[in-house]
Amino acid sequence: MYTIKKRLGELLLESGIITEAQLQTALEEQRSTKKKLGDVLLSQGVLTEHQLIEVLEFQLGIPHVTLSRFQIDPKLSQIIPETMAKRYQVMPIRVDGRKLMVAMADPLDLFVIDDLRMSTGFTIEPAIIARGELQRGIARLYGLQDSMNEMIKDLGSGDGPIEVEQSVITDEESPVVRLVHQMIEQAVRLGASDIHVDPMDTQVAIRYRIDGMLRSERSIPKTMQGVITARLKILGNLNIAERRLPQDGRIKMMIDGKQIDIRISSLPTVHGEKVVMRLLDLATGVKALDKLGMTEHNQGLFRRMIEKQHGIVLLTGPTGSGKTTTLYSALQHLNREQNNIITIEDPVEYMLEGVNQMQVHPAAGLTFAKGLRSILRQDPNIIMVGEIRDYETAEISIRASLTGHLVFSTLHTNDAVSTIVRLRDMGVEPYLISSSLIGVVAQRLVRRICPDCAAAYVPDVKERIYLERLGITVDKLHHGKGCGTCGKSGYRGRMAIHEVLWIDDELRDSIVNGTPITELRKHAAKLGMRTLFEDGIEKMIAGHTTLQEILREAGDEEEVRQ
């Protein structure tokens, strides 16, 4: 084992990727921790996974595989059992006669290769794969297939729906229960924000939303629809007998040692009930203000807004644009002993220690407006209203901000300046908007370039002409080439682009006078407000995202302003 690792060290030295001193430091840590040398170097930040793969591929001729190029046969899961795959971090890729190609995180581990050869009876042909992609591959290959096979075996696979018995959907050892748990577990490991269970005419599609994009993960037989829906309803404390009305609930689960909060929603459709689950990682939900991805200028303005003693701060953007994350960050920043913070939300997404959170319950008559009136009798300093949906909620929120309270809320508008017009259209008097509004933050989420395959490139003619029209000249832009870690998409994770509007005295006068939106925008530009598009372009030039992403989320600057 030592000689193998020494060989890896020598290879890295020869390639000039690490120094002798870095190798010796890593070997010392390896001796004390018993970890593999490659893992030690990666954890120390001396080496990137991409560099390690390149060395093994070019110096030793070990092939580098990406799963998107292979049609993985589910039957391969029977050759290498799930327990062995997870223990050794390996995955069968294909069989060629008596040869079995195996994707491995560490293809130099001869002990693992020997054990695989003896347990499978095949000659093992090792290949290297990115660790993140390997994890996702194992989750896909073993995650649902075994439990699905067991379900069919135990419950039958006839043409009619499987009968829903209590033991089938509650017993922890039941294949249905395991299948649903693995479906959620797999989504968490893939970094999905939502799971869609979509009933169709002849099958049920399982789809995950990853980095804002929906992807079909797999389909399951139509006969299993009833039991899977019933199990999800049991988890979310929903009524399993009610199939004609929409229902909402919550699930809390521990996945890989992390507390995951899941909002579940069922909706009756012509093919049966569609279920959507929103996954919230409670450990990473609330970010510090400096982790929101705001530029220094925007962050300074936002801090000034939320440090005010009274007034209203509004966040705008479509559903799923990160408004709630920004609001919670502001609340966490203001969560001090001297502040009484109360929120009314639909639903409460993250639990904040020291903050009084209330959930609306329209069926019981508890609306945003009614809850807000009750909150005002609780001596609050800071109030957060989940969303302003109507005139009544808007007026109470604004009047509360004029009586010594700091109010935060959200609204659905295209940009920051449109918020003023939207409040006017709702029926709120211009003098009330002018007196209460501190500022508005509009935001969107764009996909971030995958750091593992990020590369500079010379802009093509179309891009160059477009950027020159905006007065921007650049020699190079960045994109993701596509690798195993990002599933060949070139993107991994998302970041926010912002538009932060500070309301100054001149703008207040304009609001009272009913100034048209075009004039309001001109004044906002004079104040130094950078539009969503401009903020996105700045982040594109810095190499964080692409022009295509900015155009997709913020639109063409000229079109947006027409």
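The protein chain exposes about 26400 Å² of accessible surface, and 49% of that belongs to carbon and sulfur atoms (Shrake-Rupley method, 1.4 Å probe). Keep in mind that this is a predicted model: local features need pLDDT of at least 70 and side-chain atom pairs pLDDT 80 or more, while totals for chains, interfaces and linings use all residues. Residues are numbered from 1 along each chain as its sequence is written, and side-chain values use heavy atoms, with hydrogens and water left out.

**Overall build**
- The C-alpha trace spans about 80 × 65 × 50 Å along its principal axes.
- You'll find 23 helices and 18 strands in the protein chain (DSSP runs: H or I of at least four residues for helices, E of at least two for strands).
- Of the 562 residues, 50% are buried, meaning under 20% relative accessible area with a 1.4 Å probe, protein chains only.
- Among contacts with a separation of 6 or more, 63% link residues 24 or more positions apart (contact: heavy atoms within 4.5 Å).

**Helix α16**
- In α16, residues 418-426, the buried residues are S418, T419, I420, L423 and M426.

**Charges over rings**
- The charged end of R87 sits over the Y88 ring, 4.8 Å from its centre (the rule: NZ of Lys or CZ of Arg within 6 Å of the ring centre and within 35 degrees of the ring normal).
- R98 lies over the face of F122, 4.2 Å from the ring centre.
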